[in-house]
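Trainee: I would like a close look at one part of this model, namely the aromatic ring pairs. Please set them in the context of the whole chain.

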Amino acid sequence: MARRGRVAEDGPDRPVRTCVGCRSRAVQSDLVRMVAVGTAVVPDVRGRRPGRGAYLHDDRRCLELAERRRVWSRAYRRGPGDTGWDVTQVAALIGATPHGRTGRLPR
């Protein structure tokens with residue numbers, strides 16, 4: 001799958017994270033941080049919520065890939081029996097505009 005967003009140059013000034021959906025590396029500011037609140041996956045657009053974060057492009061295809069690959073239990077280091085994650089808030093955020101949260105076309 002093609003990479004979306006900018007990939008960071010080598011250097012300490014640009015934190016890089018991996019999208020849990022498409023597994024491509026991107027600059028942290030191009031991704032949306034997700035945190036687990038119980039069994040709900042909640043977007044953390046300000047990046048201030050406590051807990052372990054997982055990062056996702058603001059693209060519905062990445063969300064669909066994450067769901068298909070069942071990444072949430074691994075991303076939040078929960079047991080394999082933890083199924084039934086509620087991603088409605090994430091879907092609402094990504095579906096807010098035709099091309100995701102920012103309205104930009106994915107690269």
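Mentor: Of the 107 residues in the protein, 37% are buried, where buried means under 20% relative accessible area, exposed over 50% and partly exposed in between, with a 1.4 Å probe and protein chains only. The model is predicted, so local features need pLDDT of at least 70 and side-chain atom pairs count only at pLDDT 80 or more, while totals for chains, interfaces and linings use all residues. Residues are numbered from 1 along each chain as its sequence is written, and side-chain values use heavy atoms, leaving out hydrogens and water.

The protein has 3 helices and 5 strands, in the order β-β-β-β-β-α-α-α from the N terminus; these are DSSP runs, helices being H or I of at least four residues and strands E of at least two.

Now to the rings. A pair of aromatic rings is described by the distance of the centres and the angle of the planes. Rings of Phe, Tyr and Trp (its six-membered ring) pair if their centres lie within 6.5 Å; planes under 30 degrees apart are stacked, over 60 edge-to-face and the rest tilted. The count by this rule is 2 aromatic pairs. Trp-72 and Tyr-76 form a stacked pair, at 6.2 Å centre to centre and 15° between the planes. Tyr-76 and Trp-85 have ring centres 5.7 Å apart and planes at 40°, so this pair is tilted.
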